[in-house]
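I opened the model to go through its chains, contacts and backbone. My entries follow in the order in which I looked things up.

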Amino acid sequence: MEAIVADTPKGGVWSGGGNRPFDASYGKMMMWFFIMSDALTFSGFLGAYGLIRFKFLDSWPIADEVFTHIPFVHGNYPMYYVAFMTFILIFSSVTMVLAVDAGKLMQKSKVILYMGLTIIGGLIFVGSQAWEWKTFITGSYGALQLEDGKIVQFVDESGHQVTLQSFASNAASERVRHEKQNGLWFVEEASLPSVTLQQVKEGFASNPNISMRTELINLDTKKKTIVSREEANKFLDNAVRVVEGANLTENEYGKTLFADFFFFITGFHGFHVFSGIVINVIIFFNVIIGTYERRGHYEMVEKVGLYWHFVDLVWVFVFTFFYLI
Amino acid sequence: MSHENSHSHAALIWKVFGFLSVVTVVEVILGIYKPAPLHLTHVLGTSFLNWIFLILTLVKAYGIAWYFMHLKDEKTWLRRAIVWTVVFLIGYLSFFLLYEGGALGMIDQHWTRWSYN
């Protein structure tokens, strides 16, 4: 026990009793306080996601159809990449706890090795998350948005989604991107979609093998509903714009709220990972210059370890609620 | 944490890692294949598969908190102060949020039109 005492209680850190309540030092106790409040913050966010998800139970995007990409590989691979990310984070948790373990035995070189591996794992994770965001923002197939906000997508005879470009007509479009230099100098427009609404409509009319899919989920088969061609034409009459990819205001995969929650919650978690890496780097260099060797204990490694494991713990839940359920 | 000076816990740590990995692999396989008998059956408000995911997630959370965050080695009442508080508050919050979500959904589904005739 002596090895991890942060301050001997000679009128020390716990003014008053001077003891270490529950045998936990001040710093460790405060880390637990922080982790508990952070856990409640995250559960508030995930709970809000759950509320909205239950509200739109019959029309929420299906995660397997949203996250289907792997770097450098073409094709449809749901889950694999995010499973890889989960492994990276769990593994970095293992190296972290091995660092704590080595610290308790005062093995400086082992602490350095394991903390270094933890930092590398964290960097791979945030890098992967950046890639995941980029893929989600770019989008895969494109969709149309109706006047009332609904999203409609297009599928072939086998029910697989097809890109808008694959069937849109190449009728010329008059519409050009509004830039500051050729219009109002104080107004700028984001880049235009690769096809126009008119081209999609014409392409749909001339390709009878393309069908339209709505957001509505058949709760018996858990599949999105494909509508008949005449009904599809009525949907097309209500279409107002082409949506490619996802951002905070539109989402080709379905409900915009899905994109909002995804960016917010994984972003908040990613920021935790980032700050965890920064703290880990600081402690890592402190270990190298021998700060904790002189202090006589490695409790600081244990405290940053608690934070790192907590970040991993949150990811376990984010993984479940965004990708599995 | 009073007896940790003597020996390394590395063997236990690798065992826990193996366990967490197996659970994750099971989750991923179920998530990719979504077996219809689990996916399309409705138990207590959601599919049977979702309940499996939820339980496996809580099992993983237990593994991380008990062995990686070494709650197991903390004093009993420190552990209880942390775990009971968080479990109670999160359970309370989640129950009402999800219940209200279901109620909002009933209203929403009543007013949302899926055809334009």
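**Notebook entries**

I began with chain B and found that the C-alpha centres of its domain 1 and domain 2 lie 22 Å apart. Domain 1 of chain B covers 1-73 and domain 2 covers 75-117; the bounds come from an automatic or database domain assignment.

Before going on I noted the conventions: this is a predicted model, in which local features need pLDDT of at least 70 and side-chain atom pairs count only at pLDDT 80 or more, while totals for chains, interfaces and linings use all residues. Residues are numbered from 1 along each chain as its sequence is written, and chains are lettered from A and ligands numbered from 1 in the order in which they are written.

**Confidence**

I looked up pLDDT, the predictor's confidence in each residue, from 0 to 100. Chain B averages 90, and 95% of the residues score at least 70. Within chain B, the lowest mean is 84, in strand β1 (residues 42-43), and the highest is 95, in helix α3 (residues 48-68). I took helices (H or I, at least four residues) and strands (E, at least two) as DSSP runs, numbered from the N terminus. For the complex, the predictor gives an ipTM of 0.92 and a pTM of 0.89.

**Domains of chain A**

I then turned to chain A, where domain 1 is assigned as 45-139 + 258-324 and domain 2 as 143-244. Their centres, taken over C-alpha atoms, are separated by 36 Å.

**Interface**

How many residues of chain A are in contact with chain B? I found 54, facing 52 residues of chain B; contact means that the C-beta atoms, placed from the backbone, lie within 7 Å. On the chain A side, α1 (26-55), α3 (80-104), β3 (211-218), α6 (229-238) and α9 (299-324) each supply at least two residues. α1(A) gives the most, with 14 residues. By class, I noted 33 nonpolar, 10 polar and 11 charged residues on this side. Ala, Val, Leu, Ile, Met, Phe, Trp, Tyr, Cys and Pro count as nonpolar, Asp, Glu, Lys and Arg as charged, and the others, Gly among them, as polar.

**Cores**

I searched for nonpolar cores, which are sets of buried Ala, Val, Leu, Ile, Met, Phe, Trp, Tyr and Cys residues joined through C-beta atoms within 7 Å. A residue is buried if 20 or more other C-beta atoms lie within 10 Å of its own, exposed if 12 or fewer, and partly exposed in between. The largest core has 76 residues, and A99(A), V111(A), M115(A) and V301(A) have the most contacts inside it. α9(A) gives the most to this core, with 17 residues. Apart from it lies another core of 12 residues, including A143(A) and L164(A). Leaving out residues up to four places away in sequence, M115(A) touches A99(A), N280(A), I283(A), F284(A) and V287(A).

**Hairpin**

β3(A) pairs with strand β4 (residues 223-227) of chain A in the antiparallel sense over 4 bridges; pairing requires at least two DSSP bridges. N218(A) has K223(A) as its bridge partner in β4(A). The two strands form a hairpin with 4 residues between them, and K222(A) in the turn has a positive phi of about 55 degrees.

**Positive phi**

Most residues other than glycine have a negative phi, and most peptide bonds are trans. I checked two exceptions in the loop between α2 (63-66) and α3 of chain A, F72(A) and M79(A). Phi is about 65 degrees at F72(A) and about 75 degrees at M79(A). Are they buried or exposed? F72(A) is exposed, with 5 other C-beta atoms within 10 Å, whereas M79(A) is buried, with 21 C-beta neighbours inside 10 Å.

Notes
Two residues are in contact if their C-beta atoms, placed from the backbone, lie within 7 Å.
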